[in-house]
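We will go from the whole chain down to single residues, one stop at a time.

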Amino acid sequence: MKTNFFEQIAGLQINGTLQINIQPHEGGTLTVSVLLANNNPKITSGKNIPPMLLKATAQELDEEFFTEIGEPTKQTVRLFANLEAYQAELDKAKKQPEKPGGKTATVDNKKAVDNSLFNQPAEEHEDDVHDDLEEQHDETEALVEKARLYDEAMQRVNRLNTDMKYKEAIAQLPDVDEYPDKANEINKRREQLQQRQKLYASLQTEV
């Protein structure tokens with residue numbers, strides 16, 4: 001029997017190890033745990049990301065599995081990319097003081113012309129480099145933290161969705177105003193949850 005399961009896995013374009021565990025239950029339902037693990041030994045942050053948990057019948061998983069894990073997996077991939085970029089900036093900042101920089105030689109040459117100008121420009125240059133590194137570090141750290149909070153919120157949404165707690169899931173969605181670049185993802189997820197909430201409510205009414 002031919003399936004396209006692994007083709008869809010490849011389509012997620014993951015940059016880590018995808019761990020999938022399946023636990024059958026009585027009644028025909030399955031609990032599927034999906035965890036994208038970070039393989040970069042330099043990156044220690046993000047290693048405590050919880051797995052995505054899906055509980056449904058085999059037929060429901062066949063229909064919705066990649067829809068449910070697709071966006072959270074992409075978010076985790078982006079988080080790892082942000083963490084790697086952040087680590088690269090930290091490594092760059094650590095190495096910076098060891099390299100005097102281009103202006104030091106220029107100032108050294110200028111010393112023969114005017115000794116009074118030697119110390120002041122060099123100090124100003126070092127201060128500027130330090131300030132730039134601090135500012136760049138703070139901005140990168142803020143972006144990583146913002147991405148982490150977004151991913152945690154979406155993971156809570158996914159868990160509540162799995163538990164069919166749609167109202168609570170909608171309440172946990174990040175604010176579009178705080179994440180304008182994620183507006184399409186947030187609004188699409190809200191529409192999906194609202195549709196499922198209506199369907200669930202109608203089924204409860206019929207019962």
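Start with a cartoon view of this predicted model. The protein chain has 6 helices and 3 strands.

Of the 207 residues in the chain, 29% are buried. For the contacts, take pairs at least 6 apart in sequence: 55% of these join residues at least 24 apart.

**Stop 1: the largest nonpolar core**

Hide the surface and select Val32, Val34, Leu54, Leu61, Phe65 and Ile69. These belong to the largest nonpolar core, a set of 15 residues, and they touch the most other members. Which elements give two or more residues to this core? Color strand 2 (29-37), strand 3 (52-57) and helix 2 (58-95) to see them. Helix 2 provides the largest share, with 5 residues. As background, nonpolar side chains in soluble globular proteins tend to be buried together.

**Stop 2: Phe65**

Keep Phe65 on screen and show what surrounds it. Beyond its neighbours within four places in sequence, Phe65 is in contact with Phe5, Ile20, Val32, Val34, Leu54 and Glu60.

**Stop 3: Ser33**

Return to strand 2 and pick Ser33, which is found there. Is Ser33 buried or exposed? Its relative accessible area is 16%, under the 20% limit, so Ser33 counts as buried. Next, display its partners: leaving out residues up to four places away in sequence, Ser33 touches Gln19, Ile20, Asn21, Pro51, Met52 and Leu53.

**Stop 4: Leu83**

Finally, move to helix 2 and select Leu83, which is found in that helix. Why does Leu83 count as buried? Its relative accessibility is 5%, and the cut-off for buried is under 20%, so Leu83 qualifies. Leu83 and Thr140 are 57 residues apart in sequence, and their C-alpha atoms are 9.1 Å apart in space.

Technical notes:
Residues are numbered from 1 along each chain as its sequence is written. This is a predicted model: local features need pLDDT of at least 70, side-chain atom pairs count only at pLDDT 80 or more; totals for chains, interfaces and linings use all residues. Side-chain values use heavy atoms; hydrogens and water are left out. A nonpolar core is a set of buried Ala, Val, Leu, Ile, Met, Phe, Trp, Tyr and Cys residues joined through side-chain atoms within 4.5 Å. Buried means under 20% relative accessible area, exposed over 50%, partly exposed in between (1.4 Å probe, protein chains only). Helices (H or I, at least four residues) and strands (E, at least two) are DSSP runs, numbered from the N terminus. Contact means heavy atoms within 4.5 Å.
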